[in-house]
Each structure stands twice: as structure tokens, then as C-alpha cells.
Amino acid sequence: MTLTRSMARLTAGLAGAALLSASLTAQARELSVSTVLSDAFPWGQAAEKWADLVEERSGGELTLRVYPNSQLVSGDQTREFSAMRSGLIDAAVGSTINWSPQVPELNLFSLPFFIPDEAAVDAVTSGEAGELVFAAIESRGVMPLAWGENGFRQVSNSRGAISLPEDLEGLKIRVVGSPLFQDTFSALGADPTQMSWTDAQPALTTGAVDGQENPLSVFDVARIDQVGQEHLTLWNYMNDPLIFAVNQQVWQSLSEEQQVLLRETAIEAGEWEIAMTREQESERLAAIQERGVTVTELTDEQYQAFVDATQSVYEKWAPRIGEDVVNAAQSAIDAR
Ligand code: X2X
């Protein structure tokens, strides 16, 4: 081969490689996905499942990279929605609680003793109330795609068993940074203190707070009993759904095919995670009890005492959430 011919080949080869890589960069797209909990928890697993399905079905054209532990918002989980809206984060699998400071309608799920069981959760999320909530999110610059579930939140503490509101009197309870929680625990006579999940664990360890509330999966995986939380009350006072969502500009920049793919895989990952979370509840409870935690279940009268004590929270927050959303949810719950 003459020098000129081999040079010509080399040049053609390089040009080809450049073309190929240019077309790859034009097509391949990576989106960041924020979560509060890692894949040690069902919540983080929901995001990983979404990423796996997208990887499988997009043939590498679209990649979701999951950033757990609220790291994209430096641990401040109540800033996740704003960060996604402004485009600092492309997407998230986030909790209704953490997004409620920016989307008041999401407080629907935090109304104490309002959505009592799994059938009620499903009736709300899959019906008109769910649609209104998704429309509220969309109107604030974020495209919601699917539901997941962190679970029913149960209260624990290091002092003694809680079976009536009086038992919470004066207890310092860590709550998430959402104002409704402050009202609920104040109404119950406790001393609520707002902090992120990142700060909650050291606060429980040092005894700076007496108690906390989280779903069984979080209590179990994070080994909350090992930081002195020996008393757990099953009161199902609220469920904490998760929402799969994408920044609006990012969403609009995707092809229709990619949008369909993202939505379908989010729905699939969400359904998978909700079923898994619910299935695991009884084995998690057994594991928690085996580790020596006292588990308290409420009689109907005790439950009613909590409902009555928090009635004022419902009255204050229903108008802020929007009567149309609350009424649609109430009808769905009644008809379940
Ligand atoms: O902070 C919490 O308690 C957690 C992890 O459950 C949420 O992000 C709502």
C-alpha cells in the first residue's frame, strides 16, 4: 500500500468515527433522577427499576442516572421539587410530603387519619383526586408520570408505648420539613421539631429527639430501633405516596417515542414497587418485633381519640389543599 492510499484510508476512517460519535452524542441522553432514600429501601429501588427498564427498552438512547440521599439538593429534601422545576435536576422519584411546600395540593396525603387503608390510597390516586393532584404538579412546571409508595407512616419513640394522644404529651418528635406536620403533632400535645432525614438520624442517636414517624420499611432498613426507638405504634395516620416526575423543559425536549417510553416504564416501576412495599409489610413488622421493639395496635376507641384530637388540622388544611381535591378524595374513599 502506498503512503497516500493508507493516509486516505486513515482519513476516511477518522471521518467515519467522528460522524458516528457525533450521531451518538446527538441521540444518547442522560437524565439525572433524584431520590431521598437509596436502593437499600423500596423507594430507591423504585428509581433503579425505572432506570433499568429505560435502559433495556431505549437501547442506550436514554439513560436515567439515580442520585440517592438527596445529594443533588445537599440533603435538603424539601428543595427537591424547586430544583427539578428550575432544571437543576432533570427528574425525581419523590415524596408528596417533601414536595408539598411547593405544591399545596399534595398535603392531601398528609391530612391526619384521612386515607385509612391501601384500598383508599388506590381509590384516591387512580381517580379524579389523583388527576387534580397531577394537574397541580404540571401547572407548577413539572410533568408527573406515575405513582409509587413509601408507605403508611407509624410513630415510634424511646420513652414509652403510645396508645392515646396523652402519651405524646411533651415528646420531642422529629417531623419532616412540611408545616402540616408541625400542626398535627402540636394538636396531639407533642413538641414537633422539623428536620431533614439526613439530620434526623444523628438527632435520634444522641437523644436530641424522643421520637419520629416513618413507614415500616424505613424503620426496618435504617434500623431505627438501634438508636433507642423501642416503642412503635401502628396508627396508619397517613400514607406517603411517591411520584415519578420530570422537569417540563426536559419533557418537551424529548421525542414522542421517548415520552411514551418514560411514562410507561415509570408506571411499571411504580406498580412493581407499590406491590413489593405492601407485600413486605408483615415480614418487616415481624423482624422489628424480633429485635425487641414493643408494637402497639390501637382499639377503635383509641384510634377515634387521635382522629378527634386532630380534627382542627383537617379544618385548617382542607381549604389550603382545595375543597375540590379534598371532596374528590373523600368521595373516592367512601366509594371504595
Ligand atoms: O424524611 C423522611 O422521613 C422520609 C425519608 O420518609 C421522607 O423523605 C418523607
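**Exercise 1. Helix H13**

Which residues are buried in helix H13 (residues 311-321)? Work out where they sit around the helix axis, and what covers them.

*Solution.* Before starting, note that this is a predicted model.

- Step 1: Go through helix H13 and pick out Val313, Trp317, Ala318 and Ile321, which are buried.
- Step 2: Look down the axis. These residues cover an arc of only 120 degrees, so they lie on the same side of H13.
- Step 3: Find the cover. Helix H7 (179-187) and helix H14 (323-334) are included in what covers the buried residues of H13.

**Exercise 2. The overall picture**

Describe the protein as a whole: its secondary structure, its extent and its share of buried residues.

*Solution.* 

- Step 1: Count the elements. The protein comes to 14 helices and nine strands.
- Step 2: Take the extent. Along its principal axes, the C-alpha trace spans about 95 × 45 × 30 Å.
- Step 3: Take the burial. The protein has 336 residues, and buried residues make up 53% of them.
- Step 4: Look at the contacts. Among those between residues at least 6 apart in sequence, 76% join residues at least 24 apart.

**Exercise 3. A cavity and a pocket**

How many cavities of 30 Å³ or more does the structure hold?

*Solution.* 

- Step 1: The structure holds one cavity of 30 Å³ or more. About 110 Å³ of space lies in the largest cavity.
- Step 2: The largest cavity is lined by 15 residues, and Trp43, Gln77, Asn150, Arg153 and Asn214 are the closest to its centre.
- Step 3: Sort the lining of the largest cavity by class: there are seven nonpolar, five polar and three charged residues. Helix H4 (96-99) and strand S4 (142-157) each supply at least two residues of this lining.
- Step 4: Turn to the largest pocket, which has a volume of about 220 Å³. Among its 16 lining residues, Thr125, Ala146, Trp147, Glu271 and Ile274 lie nearest its centre.
- Step 5: Sort the lining of the largest pocket too: it has eight nonpolar, four polar and four charged residues. Helix H5 (118-125), S4 and helix H11 (256-290) each supply at least two of the lining residues of the largest pocket.

**Exercise 4. Residues in loops**

Is Ser196 buried or exposed?

*Solution.* 

- Step 1: Ser196 lies between strand S6 (191-194) and helix H8 (197-206). The cut-off for buried is under 20% relative accessible area. Ser196 has 15% relative accessibility, so Ser196 is buried. Beyond four places in sequence, Ser196 is in contact with Gly75, Gln77 and Arg174.
- Step 2: Thr310 is in the loop between helix H12 (300-309) and H13. Its relative accessibility is 2%, so Thr310 is buried too. Not counting residues up to four places away in sequence, Thr310 touches Pro112, Phe113, Thr184 and Leu188.
- Step 3: Now for the backbone angles. Most residues other than glycine have a negative phi. Ser74 has a positive phi, near 45 degrees, and Arg223 has a positive phi, near 50 degrees.
- Step 4: Ser74 is in the loop between strand S2 (62-67) and helix H3 (80-86). Arg223 is in the loop between helix H9 (216-221) and strand S8 (231-247).
- Step 5: Finish with accessibility. Ser74 has a relative accessible area of 67%, so Ser74 is exposed. For Arg223 the value is 36%, so Arg223 is partly exposed.

How values were computed:
Residues are numbered from 1 along each chain as its sequence is written. This is a predicted model: local features need pLDDT of at least 70, side-chain atom pairs count only at pLDDT 80 or more; totals for chains, interfaces and linings use all residues. Side-chain values use heavy atoms; hydrogens and water are left out. Helices (H or I, at least four residues) and strands (E, at least two) are DSSP runs, numbered from the N terminus. Buried means under 20% relative accessible area, exposed over 50%, partly exposed in between (1.4 Å probe, protein chains only). Contact means heavy atoms within 4.5 Å. The arc is that of the directions from the helix axis to the C-beta atoms. On a 1 Å grid over the protein atoms alone, a cavity is a set of points where a 1.4 Å probe fits but cannot get out, and a pocket is an open set with protein on both sides within 12 Å along at least five of seven lines; lining residues have an atom within 4 Å of a point. Grid points are joined across faces, edges and corners, and a volume is the space filled by probe spheres set on the points. Ala, Val, Leu, Ile, Met, Phe, Trp, Tyr, Cys and Pro count as nonpolar, Asp, Glu, Lys and Arg as charged, and the others, Gly among them, as polar.
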